[in-house]
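This short report is for a reader new to the structure. Look at the model below, then read on.

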Amino acid sequence: MKVLGIESSCDETGVALVEVDGANTPPRLKAQALHSQVRMHEAYGGVVPELASRDHIRRIVPLVRQVLAESATSAGGLDLIAYTRGPGLAGALLVGAAFAAALAASLGKPTLGVHHLEGHLLSPFLADDPPRFPFVALLVSGGHTQVMRVEGVGRYQLLGETIDDAAGEAFDKTAKLLGLGYPGGPALARLADFGDAEAFKLPRPLMADRQSLDFSFAGLKTAVWTQLRKLESANVCEQDKANLAASTQAAIVEVLVGKALRALDATGLERLVVAGGVGANAELRRQLNDACARRGVRVHYPALDLCTDNGAMIALAAAMRVQRDGLPAVNDAAFDVRPRWPLAELDAAAA
Ligand code: KG4
Ligand code: ZN
């Protein structure tokens, strides 16, 4: 069975084809294509929603053609058209959803609206050595920071989440203060390599409360801003900036690792899955690997190019849902999007 996945929730247009045989064989990625809008939004220091929607419209058809060609598949050979239904930017989501509905209607095939975070969460299942359920998931993206107990597809128990900024947002906002442009995460991580992580004492919010699995990152950018103001009166140099980058990264990573370990303790589970854009951070991976190796816990990550938004994770999540529930019925070209969509509500009707 062939599943086409379309991701358009934010600033990447992603398309991929995943093939799945039966209920027990892992889905396989046959082809994927991605267009990142980062260059387009750079000048504005962040994503401009209307520009994002218009660009998705321009990119989606060529990307679908490319994926079909690379996987030697005709449109008629597709069994399911999956798209990101939410959460995300309403206009951007509507482009992917409307395209998926139109393509499916023209082929007489069903559609499936996928939860973007479920896509991130399941993305390590495309790795050569996929995880097994149950596991603790640390989901760290630009919009979300959550720790979950995952029992199976659609069986997600939220253990903790951010009460303000997401981890990716903390990277991005601090990077902006340091003049590093957008998106800031990778740029801040690169600069941090040249800095001293202990140069500045930055807060580790909600770490003192030994029970809490929630996160809070909003205070971090204020702390960095305060340090910068102090330094600027004495002329901030490149080394100070690198030290601030390293100290910021250290604070974020320490909190993420600490909470992930706490969740493993609280659940007694011995597997950890890390997903979302911040999961590409090398320092986070290094510290999680060390801490988990000491405890005999297995850590699974998606391939680096599947950490950030992509179509493969959407096709994969749809394929795993089909393995669980079978193919959905052909719908009547109706579609909707859910810009705000808590993961906990995903299978609420069935729970
Ligand atoms: O999952 P994602 O692509 O989009 C959302 O669903 O939000 O995550 C994007 C976030 C951005 O905040 C970006 O700065 C961050 O992931 N990010 C990183 C790295 N690569 C991407 N943060 C830290 N280090 C990285 N290497
Ligand atoms: Zn994402």
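Helices (H or I, at least four residues) and strands (E, at least two) are DSSP runs, numbered from the N terminus. This is a predicted model, in which local features need pLDDT of at least 70, side-chain atom pairs count only at pLDDT 80 or more, and totals for chains, interfaces and linings use all residues. Residues are numbered from 1 along each chain as its sequence is written, chains are lettered from A and ligands numbered from 1 in the order in which they are written, and side-chain values use heavy atoms, with hydrogens and water left out.

## The cavity

A cavity is a set of points, on a 1 Å grid over the protein atoms alone, where a 1.4 Å probe fits but cannot get out; lining residues have an atom within 4 Å of a point. Grid points are joined across faces, edges and corners, and a volume is the space filled by probe spheres set on the points. The count comes to one cavity of 30 Å³ or more. The largest cavity has a volume of about 40 Å³.

Helix H3 (residues 90-107) gives the most to its lining, with three residues. The lining residues include Ala101, Lys109, Thr111 and Asn331.

## The zinc site

Donors are N, O and S atoms within 2.8 Å of the metal (3.2 Å for Na, K and Ca); water is not among the atoms, so sites may look incomplete. The zinc ion (ligand 2) is held by His116 (NE2), His120 (NE2) and Asp309 (OD), at 2.0 to 2.1 Å. Along the chain, the donors follow the spacing H-x3-H-x188-D. His116 lies in helix H4 (residues 116-122) and Asp309 in the loop between strand S10 (298-300) and helix H10 (312-325), so the pair ties together parts that are 193 residues apart in sequence.

Both His116 and Asp309 are buried. Buried means under 20% relative accessible area, exposed over 50%, partly exposed in between (1.4 Å probe, protein chains only).

Two strands pair if DSSP finds at least two bridges between them. Strand S6 (residues 135-140) pairs with S7 in the antiparallel sense over six bridges. Phe135 stands opposite Val150 in S7. S6 and S7 form a hairpin with four residues between them.

S7 also pairs with strand S8 (residues 155-161), antiparallel, over six bridges. In S8, Gln157 is the bridge partner of Arg149. This hairpin has two residues between its strands, and Gly154 in the turn has a positive phi of about 80°. Six of the eight residues of S7 (residues 145-152) are buried, so the strand is largely enclosed by the rest of the structure.

Technical notes. On a 1 Å grid over the protein atoms alone, a cavity is a set of points where a 1.4 Å probe fits but cannot get out, and a pocket is an open set with protein on both sides within 12 Å along at least five of seven lines; lining residues have an atom within 4 Å of a point.
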